[in-house]
Amino acid sequence: AIERTFSILKPDATRRNLTGAINERFEKAGLRIVAQKRIHMTEAQAGKFYEVHKERPFYGELVKFMTSGPVVVQVLEGENAVLKNREIMGATNPANADAGTIRKDFAESIEANSVHGSDSLENAAIEIAYFFAGCEIVG
Ligand code: CMP
């Protein structure tokens, strides 16, 4: 089925001018960028977005990193978009990511891992609504 998933190009990606190279991966795989904006997240915004990780030891550093520079938030649309995007991104830890994935090729570390992608269709809808109004998504 045609799905929408939520994606973030993280501060390590914007800092190294990799947004075009990463977007090319999405488009080559058949995912369409149907919404996109560059923002600098506040601590409150990042803290709430990653609330599920609140009890994890890396939460504080994660929020600090995600607010350390601009990010690009996106909605990707396509066949099986949630799973497809996870395949294109590769494993969270670049050390475990398959060859040819975004994280294998671009990520600096498990924290500065260049991209975020929704882990389920249900979370995709929640995450998209957190950053985008319906009128900002143009399919
Ligand atoms: P993301 O998909 O954005 O979701 C949570 C993020 O926490 C994850 O990608 C990683 O960048 C970051 N993170 C930092 N340390 C860890 C860790 N030890 N385990 C999992 N995620 C981590």
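A polar contact is a pair of N or O atoms within 3.5 Å. The legends below concern a predicted model.

**View 1. Polar atoms around the ligand.** An oxygen atom of the ligand and a polar backbone atom of Ile-110 are 2.8 Å apart. For Glu-111, a polar backbone atom is 3.3 Å from an oxygen atom of the ligand. Tyr-50 takes part through its side chain, where a polar atom lies 2.6 Å from a ligand oxygen atom. The ligand exposes 460 Å² when taken alone, and the protein buries 79% of that.

**View 2. The shell around the ligand.** The residues that surround the ligand are Lys-10, Tyr-50, His-53, Phe-58, Leu-62, Thr-92, Arg-103, Ile-110, Glu-111, Asn-113 and His-116. Sorted by class, this shell holds four nonpolar, four polar and three charged residues. The ligand sits in the largest pocket.

View 3. An unreviewed UniProt entry lists Lys-10, Phe-58, Arg-86, Thr-92, Arg-103 and Asn-113 under "binding site". From this set, Lys-10, Phe-58, Arg-86, Thr-92, Arg-103 and Asn-113 belong to the lining of the largest pocket. Phe-58 lies in the loop between helix H3 (43–49) and helix H4 (59–66). Phe-58 is also one of the residues surrounding the ligand.

View 4. Residues 2–139 are listed by UniProt, in an unreviewed entry, as "domain: Nucleoside diphosphate kinase-like". Over residues 2–139, the chain is 40% helix and 20% strand.

Conventions
Residues are numbered from 1 along each chain as its sequence is written. This is a predicted model: local features need pLDDT of at least 70, side-chain atom pairs count only at pLDDT 80 or more; totals for chains, interfaces and linings use all residues. Side-chain values use heavy atoms; hydrogens and water are left out. A residue is near a molecule or strand if one of its heavy atoms lies within 4 Å of it. A polar contact is a pair of N or O atoms within 3.5 Å; within protein, one must be able to donate a hydrogen and the other to accept it, and residues adjacent in sequence count only if both atoms are side-chain atoms. Accessible areas come from the Shrake-Rupley method with a 1.4 Å probe; for residues, only the protein chains shown count as cover. On a 1 Å grid over the protein atoms alone, a cavity is a set of points where a 1.4 Å probe fits but cannot get out, and a pocket is an open set with protein on both sides within 12 Å along at least five of seven lines; lining residues have an atom within 4 Å of a point. A molecule sits in a cavity or pocket if more than half of its atoms lie within 2 Å of its grid points. Ala, Val, Leu, Ile, Met, Phe, Trp, Tyr, Cys and Pro count as nonpolar, Asp, Glu, Lys and Arg as charged, and the others, Gly among them, as polar. UniProt positions are given in the numbering used here, feature names are shortened, and annotations may be inferred rather than shown by experiment. Helices (H or I, at least four residues) and strands (E, at least two) are DSSP runs, numbered from the N terminus.
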